[in-house]
Amino acid sequence: MKKKLRVTDSDFEEEVIDSPIPVLVDFWASWCIPSQMMIPVIDKLDKEYDKKVKIRKLNVDQNPKMRNKHKIQGCPTFILFKDGVELMRKVGAQSENQLREIIDSLLWPAEVKKSKKSYKEVKIEK
Amino acid sequence: MHNKDSTCWNCPAIDLAGKVDFRACGQSVEEFRKRMDLEDSGQIVAECKRRPDLGYYDPMSITFKECPEWQKGPYGYLLRDMRVMILGIDGYLGWALALWLGNLGCQVSGVDNYSRRDWIKERGAHTVIPISRMSARLKAAREVLDINLNFREIDILNERERLKEFVDEVKPEAIVHYGECPSAPYSMIDADHAVYVQKNNVLGTLGALFIMRDLVPETSMIKLGTMGEYGTPLTGRPLYEGMFPADAVLTWKEQEWSLGGELTPRDPPSFYHTSKVQDTYNIVEACKYWWLRSYDVMQGVIYGVHTEHVSADPRLRTRLDIDEWFGTVVNRFVAQAIVGIPLTLYGAGEQIRGFMALEDAMQCMTRLIASPPEPGQYAVVNQMSGYHSMRELAKTVAKIGKKEFNLPVNIQRVENPRVESERHPFNPIYENLPKKFGFKPIVSLEEEIYRMFELLTQPNIKSRIEEKKHHIIPKTWWSGEKRKVETIEIFELEREIARSEKKAKSHGQ
């Protein structure tokens with residue numbers, strides 16, 4: 001996993017809650033095999049969404065505070081935050097397409113639907 | 001260095017017991033609420049068993065690169081005087097690894113009950129490279145290589161208490177588990193042998209997992225599985241490293257699910273392979289229930305005779321079996337070439353398998369030991385450096401035997417005593433070792449086969465092959481029959497080479 005994707009109890013507020021752009025957080029654990037297998041997908045999405053959406057990973061064993069605060073009960077759990085608010089939550093391994101669809105449809109529903117274009121081609125209004 | 005950024009979180013010297021709450025997820029809502037109420041949710045802490053002076057500290061704050069206990073070596077950072085225990089230290093791989101690790105400065109301990117020697121004796125065969133008794137081996141390791149091995153004769157299945165005492169005494173920081181019966185045909189001889197193999201392998205390993213839970217939960221188990229667990233699916237789908245990747249999806253009735261992290265289907269081709277599949281599940285569960293750490297090594301067929309250390313003195317040699325039960329294919333082919341038996345292909349002879357030379361296998365194991373999994377992590381590596389069909393292999397062995405050693409080598413097809421696909425696609429994924437552990441194979445097939453010819457043509461070894469050559473042609477049928485397989489055809493090497501060249505030419509057009 002890329003180092004820069006790691007988020008912890010101490011920088012969660014700054015990195016996720018106060019982020020000016022939406023953040024997808026993968027709450028994961030080393031003992032959870034599906035979590036482990038998500039790593040390459042997460043890395044790939046991070047590259048793909050670049051500055052439009054932030055992708056972060058939080059290890060639930062190392063960061064009990066955020067795990068408890070966000071009531072994580074299964075791994076992996078994906079939460080999409082926008083303006084510090086939880087927009088969506090998915091539990092269990094997700095395919096690349098599923099994650100992409102969720103992010104796209106929640107963040108740019110109308111534009112994506114209307115133009116039938118991918119998020120890359122849709123201009124984002126802040 | 002592939003493991004420079006690993007932290008104490010990965011290190012076996014850490015003491016996490018009671019300090020990290022791993023049980024936080026996947027629990028009932030009630031349990032979860034209770035914990036929420038109780039927990040202060042502060043920073044997690046740990047203690048180091050090697051550096052108690054650190055007191056309580058954040059286990060993610062020190063990397064292997066920064067820690068003085070982890071020292072740079074040829075295969076990544078390695079824990080200074082790392083205590084490694086090898087289960088099955090007297091075997092073909094176990095002995096070679098003991099010397100290999102000892103040479104790298106590890107404190108190597110090992111157990112064995114000499115069962116490999118017993119099985120071979122029971123079948124009336126012998127190792128064609130003579131090996132010494134354990135006491136002489138240990139003495140030679142000391143005298144020649146200045147390596148002290150801490151050996152204890154223990155049967156891990158039937159003497160669990162003794163194994164427990166030994167583990168408690170040594171407190172190994174990694175356990176390499178080679179202590180199983182590795183033969184498909186041996187497990188197919190009859191009911192007694194099948195029951196024995198499964199009991200020895202599955203239950204022996206299960207007991208060892210409990211010992212780890214109770215005594216060394218932060219230690220990793222590097223467990224030998226086999227590529228054979230996967231079988232050879234005729235669809236040609238990839239043979240992933242144990243589990244499906246997250247972008248593998250199940251599509252059904254227009255819905256889609258990720259298969260990420262689920263164990264891929266297994267299709268073991270013998271009761272021995274089935275025992276390895278059962279091991280896989282037992283280890284997955286142990287990691288899940290108790291946060292044990294394990295690498296399950298799906299090993300291809302290992303061949304060869306050489307590492308620097310086993311070649312250092314005749315008393316340090318590791319065994320080499322060529323009989324139908326314990327002789328693996330390349331080792332068997334070379335022996336056949338030397339005593340003038342046409343190399344035997346089973347059935348069509350188009351079976352494809354993954355392979356790796358002995359020395360490269362040692363490198364892989366070292367890299368896995370040096371880069372331990374995280375708590376609870378179960379990971380799989382497909383350990384092979386390439387793959388070949390049996391026919392290609394036979395040709396390679398025959399060519400080297402003929403050209404370099406002037407041996408008249410032919411190849412024969414015989415009836416296939418096994419139940420297996422004789423022609424099949426083969427699409428193995430073996431990226432973890434090179435990508436995550438920095439593994440690079442250094443021994444080529446041709447090079448190692450050449451070394452084998454060099455050694456096995458020596459008069460004392462050649463005569464040992466002659467003596468037991470009647471055990472090479474299989475008599476153990478998966479059907480239960482007990483008869484020697486019949487030859488279907490014998491072909492000369494020149495003709496076979498001409499045929500494959502013609503084929504290649506026509507493909508080119």
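Here's a quick tour of a few features of this structure, from confidence to helices, charges and cysteines. Keep in mind that this is a predicted model. Over all chains it holds 44 salt bridges, but zero disulfides.

**How confident is the prediction in chain A?**

- Chain A averages a pLDDT of 85, and 84% of its residues score at least 70.
- Helix 1 of chain A (residues 12-17) has the highest mean pLDDT among the chain's elements, at 96, while helix 5 of chain A (residues 109-115) has the lowest, at 56.

**Helix 4 of chain B**

- This helix covers residues 134-145, so to speak a run of twelve residues, and it reaches 16 Å from first C-alpha to last, close to the 16 Å expected at 1.5 Å a residue.
- Its buried residues include B:M134, B:R137, B:L138, B:A140 and B:A141.
- Looking down the axis of helix 4 of chain B, you'd find the buried residues within an arc of 160°, so they line one face of the helix.
- Among the pieces covering those buried residues are helix 2 (92-103), helix 3 (115-122) and strand 7 (150-153) of chain B.
- Just after helix 4 of chain B comes B:D146, which takes a positive phi of about 60°.

**A buried arginine**

- B:R391 sits in helix 11 of chain B (residues 390-405), and it is buried, with a relative accessible area of 10%.
- Leaving aside neighbours within four places in sequence, B:R391 is in contact with residues including B:E350, B:R413, B:F491 and B:E496.

**Salt bridges in chain B**

- Side chains of opposite charge can pair when their charged atoms come close.
- B:R451 pairs with B:E448 in a salt bridge, with the closest N and O atoms 2.7 Å apart.
- Those two are three residues apart in helix 13 of chain B (residues 445-456), so about one helical turn separates B:R451 and B:E448.
- B:E448 is buried, with a relative accessible area of 0%.
- B:K469 and B:E466 also meet in a salt bridge, at 3.1 Å from N to O; B:K469 is partly exposed at 30% relative accessible area, and B:E466 is partly exposed at 34%.
- B:E159 and B:R162 form a salt bridge too, with their closest N and O atoms 3.2 Å apart.
- A network of salt bridges links B:R50, B:E69, B:R80, B:D81, B:R83 and B:E173.

- A:C75 is buried, with a relative accessible area of 15%.
- B:C287 is in no disulfide, and the nearest cysteine sulfur, that of A:C32, is 13 Å away.
- B:C287 is buried as well, with a relative accessible area of 1%.

Note on methods:
Residues are numbered from 1 along each chain as its sequence is written. Chains are lettered from A and ligands numbered from 1 in the order in which they are written. This is a predicted model: local features need pLDDT of at least 70, side-chain atom pairs count only at pLDDT 80 or more; totals for chains, interfaces and linings use all residues. Side-chain values use heavy atoms; hydrogens and water are left out. Helices (H or I, at least four residues) and strands (E, at least two) are DSSP runs, numbered from the N terminus. Buried means under 20% relative accessible area, exposed over 50%, partly exposed in between (1.4 Å probe, protein chains only). The arc is that of the directions from the helix axis to the C-beta atoms. Contact means heavy atoms within 4.5 Å. A disulfide is a pair of cysteine sulfur atoms within 2.5 Å. pLDDT is the predictor's confidence in each residue, from 0 to 100. A salt bridge is a side-chain nitrogen of Lys or Arg within 4 Å of a carboxyl oxygen of Asp or Glu.
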